[in-house]
Amino acid sequence: IVTAICAVIACLLCYYYLFSSMSTKENNTYVYIDDDDNIDSVYAKLEPIATSNSMSGFKILVKYSSYTKNIRTGRYEIEKGNGAFTVFRKLKNGLQSSVNLTIPSVRTVDKLAEIISKKMMMDSLSIHKALTDSATCAKYGYTTQTILCMFIPNTYELYWNISVDKFLEKMNKEKAEDIMKCIPMKMEQFYEKFDKNCMDMP
């Protein structure tokens, strides 16, 4: 009987610290882990939204893992009902949530860099440096004067911690796909014009 009672208590404690809802908020919240974060700053970002028991459980999991040696950047969703174990697993394995980045029509690199840096981990200086670098622009078939043409005004689903290089590759791919979609349309317009000209011939 004593063994059974001890087992029940152990299960209850395990649930209390590791599986009961970690968040104190009514809605889902997000934690942003930067490339300069350490374990103390991770704790500081979690504590305002977490219950004390769940934070204790999270710290126990950290203590007996290698997480402090490999803190992954990202935007992590803390869902209502997620316990410390689930949140720890997301952060440790880099199971982050994407973010929607809306790129409007802009006329300057400065403005584009400002818009992107407000939504992503990339800072405006890094973006500006890449877009004003002749070699980087040439890599995608543009010059520093024409590079803005690569960015199609649209909303893109991206990971918050995407690097500048990966981001530019993504934008270049989107531009190429957009051009390919336009080719059949332009050919159709050409044939329509051709047929009309033929019909107008005496």
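## Exercises on helix packing and ring pairs

Trp 160 is buried in this predicted model, its relative accessible area being 7%.

**Exercise 1.** Determine how the rings of Tyr 32 and Trp 160 are arranged and which parts of the chain they join.

*Solution.* Begin with the total: the model holds 7 aromatic pairs. In the pair of Tyr 32 and Trp 160, the ring centres are 5.1 Å apart and the planes stand at 70 degrees. Planes over 60 degrees apart count as edge-to-face, so this pair is edge-to-face. Finally, consider accessibility: Tyr 32 is partly exposed, with a relative accessible area of 32%, whereas Trp 160, at 7%, is buried.

**Exercise 2.** Describe the relative orientation of helices α2 and α3 and the residues through which they meet.

*Solution.* First, take the axes of α2 (residues 39–46) and α3 (residues 52–63): they come within 11 Å and cross at roughly 160 degrees. Angles over 145 degrees count as roughly antiparallel, and α2 and α3 are therefore roughly antiparallel to each other. The crossing of α2 past α3 is right-handed. Second, list the contacts: α2 contributes Ile 39, Tyr 43 and Leu 46, while α3 contributes Met 55, Phe 58, Lys 59 and Val 62. By class, this contact comprises 6 nonpolar residues, no polar residues and 1 charged residue.

**Exercise 3.** Identify the residues that ring pairs link into a cluster with Tyr 43.

*Solution.* Ring pairs join Tyr 43 with Phe 58, Tyr 67 and Phe 88 in a cluster. Of these, Tyr 43 and Phe 58 also take part in the contact of α2 with α3.

Notes: Residues numbered from 1 in each chain as written. Predicted model: local features only at pLDDT ≥ 70, side-chain atom pairs only at ≥ 80, totals over all residues. Heavy atoms only, no water. Axes fitted to C-alpha atoms, helices over the stretch in contact; angles between N-to-C directions. Helix = DSSP H or I, 4+ residues; strand = E, 2+ residues; numbered from the N terminus. Parallel < 35°, antiparallel > 145°, perpendicular 65-115°, else oblique. Left-handed = near helix turned anticlockwise from the far one by under 90°. Contact = heavy atoms within 4.5 Å. Nonpolar A, V, L, I, M, F, W, Y, C, P; charged D, E, K, R; others polar. Phe/Tyr/Trp six-rings, centres within 6.5 Å; stacked < 30°, edge-to-face > 60°. Buried < 20%, exposed > 50% of the residue type's maximum accessible area, 1.4 Å probe, protein only.
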